[in-house]
Amino acid sequence: MAVTETTHIKSILKHLILGPKGFTPEHAAEGLRSILRGEASGAQIGGFLTALRLRGMERDPNMVASLAAESYRHALRPSLETSDKSREQFGMVVDIVGTGGDGWNTFNISTTSALVAAAAGLQVAKHGSRASSSNCGSADLLESLGCDLGIVSPSDVAELVSKYRFCFLFSSTFHPSMRYLAKTRRELGFPTPFNVLGPLTNPVLPDRAVIGVHSKSLGPVMAEALKLLGRRNYAVVCGDENLDEISIAGTTHVWHIQENGDITNYTIHPSDFGVPTHPLSEAAGSSLEENKETLTRLLNNTLEAKDEAIRDFVLVNTGFLLYISGMALSMKEGATIARETLESGKVYTLLNNFAKATQELREISQSPSS
């Protein structure tokens, strides 16, 4: 990595390490800005990330919001407009995503729920990446089913969402400047505040979202950070087991950012969705190939007994997204719509159509005239 103009990042590091009491969210954003411009060495990036971690900056919503806002400023941001639709006419766009890192290694629930919600009628812009803390990430699973995610550019998003009600925004494509952090983060081997930024930095700025966090202590921090970023009608969720999804095993804690900015904290349970509980061990993820087979059975209505917990897991998470997005009047109705959508075969059709559309984009990019 080319290193230039390192004086600024040096001063930020000195301030963070030697005078942390006066270190503000604005200082953190300045440090990140230098890194995302390619102005920092690997040692400086490692020092910055480590110091943020040791100072507990990920527990400060102002700090998290500032870092997220700076990251978003460097993102490639799609315009949700088409030749025949303005942004207002385009309508509501949603996402469902988790921070990862909860240690449970469950099946790809948010990815599947995003597909079901899209097939049910919501417009979904799913922001994600390859596996980092699990065996099979959202991008890995979709690519195994024929989706060419790397070809989707910002100029393609509006058309794909408008036509298929679903698009996957590959984080490495839409956040190219984050490449400066990637190697150091892998080498450090411990979580940093950047582990929670992904769900906060979807480049389309969804109108509604369900965001799972890996610990209950992070819930109010994430909710307050979202509020500071101006997000409304978002719900932060954490299963009682410190699960970054709505739990199928029991209670889930919710921090719901209302339209007026108030944050409402409450709990929900599978029974609110008319769905039985299951041990989390029955909803465990596995290898990429096995997760692919499980998803194929779900979408083809060829469920085996071992798939019931995963299906119900998908129903509660999809149902809640449908509920907070206004498509369902209750969580139970949301789960019912999700079940009917799964059983109709619409999700299978949607996924195949989206995969085919991405393959066609690849073919066009490789044609001599392009």
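This report covers the sheet, the helices around it, the cysteines and several single residues of a predicted model.

## Basis

The model is predicted, so local features need pLDDT of at least 70 and side-chain atom pairs count only at pLDDT 80 or more, while totals for chains, interfaces and linings use all residues. Residues are numbered from 1 along each chain as its sequence is written, and side-chain values use heavy atoms, with hydrogens and water left out.

## The sheet

Seven strands make up an open, mixed sheet, in the order E3-E2-E1-E4-E5-E6-E7. Strand E3 (166–170) and strand E7 (263–268) are its edges, and each pairs on one side only. Neighbouring strands are turned by 20° against each other on average, direction ignored. Helices (H or I, at least four residues) and strands (E, at least two) are DSSP runs, numbered from the N terminus. Two strands pair if DSSP finds at least two bridges between them. Axes are lines fitted to C-alpha atoms, for helices over the stretch in contact, and angles run from 0 to 180 degrees between N-to-C directions.

Strands of a sheet pair through backbone hydrogen bonds, either parallel or antiparallel. E1 (residues 93–98) and E2 (residues 123–128) are parallel, with two bridges. Valine 93 has glutamine 123 in E2 as its bridge partner. E6 and E7 run antiparallel and are joined by six bridges. Histidine 253 stands opposite threonine 267 in E7. The hairpin of E6 and E7 has five residues between the strands, and glycine 261 there takes a positive phi near 95°.

## Helices on the sheet

Helix H8 (residues 154–164) lies across E2 and E3, at about 150° to E3. Helix H13 (residues 308–324) also packs on the sheet. H13 touches E1, E4 (208–212), E5 (234–239), E6 (252–257) and E7. The direction of H13 makes about 145° with that of E4. Contact means heavy atoms within 4.5 Å.

## H6 against H15

Helix H6 (residues 109–120) packs on helix H15 (residues 346–366) at about 100°, and their axes are 9 Å apart. The two helices are therefore roughly perpendicular. By the cut-offs, angles under 35 degrees are roughly parallel, over 145 roughly antiparallel, 65 to 115 roughly perpendicular and the rest oblique.

H6 brings Leu115, Val116, Ala118 and Ala119 to this contact, and H15 brings Lys346, Val347, Leu350 and Leu351. By class, seven residues are nonpolar, none is polar and one is charged. Here Ala, Val, Leu, Ile, Met, Phe, Trp, Tyr, Cys and Pro count as nonpolar, Asp, Glu, Lys and Arg as charged, and the others, Gly among them, as polar.

Alanine 114 is also found in H6. Alanine 114 is buried, at 0% relative accessibility. Buried means under 20% relative accessible area, exposed over 50%, and partly exposed in between (1.4 Å probe, protein chains only). Leaving aside neighbours within four places in sequence, alanine 114 is in contact with Ile96, Val124, Lys126 and Phe166.

## Cysteines

A disulfide is a covalent bond between the sulfur atoms of two cysteines. The cut-off used is a pair of cysteine sulfur atoms within 2.5 Å. The count by this rule is zero. For cysteine 167, the closest cysteine sulfur is that of cysteine 147, 10.0 Å away and too far for a bond. Cysteine 167 is buried, with a relative accessible area of 0%. Cysteine 238 is buried too, with a relative accessible area of 0%.

## Loop residues and a strand glycine

Threonine 106 lies in the loop between E1 and H6. Threonine 106 counts as buried, at 13% relative accessibility.

Arginine 165, in the loop between H8 and E3, has a positive phi of about 65° although it is not a glycine. Arginine 165 is partly exposed, at 31% relative accessible area. Leucine 205 sits in the loop between helix H10 (179–188) and E4. Leucine 205 is not a glycine either, yet has a positive phi of about 50°. Leucine 205 is partly exposed, at 32%.

Glycine 212 is found in strand E4. Glycine 212 is buried, at 2% relative accessible area. Beyond residues up to four places away in sequence, glycine 212 touches Val97, Gly98, Thr99, Val237 and Asp244.
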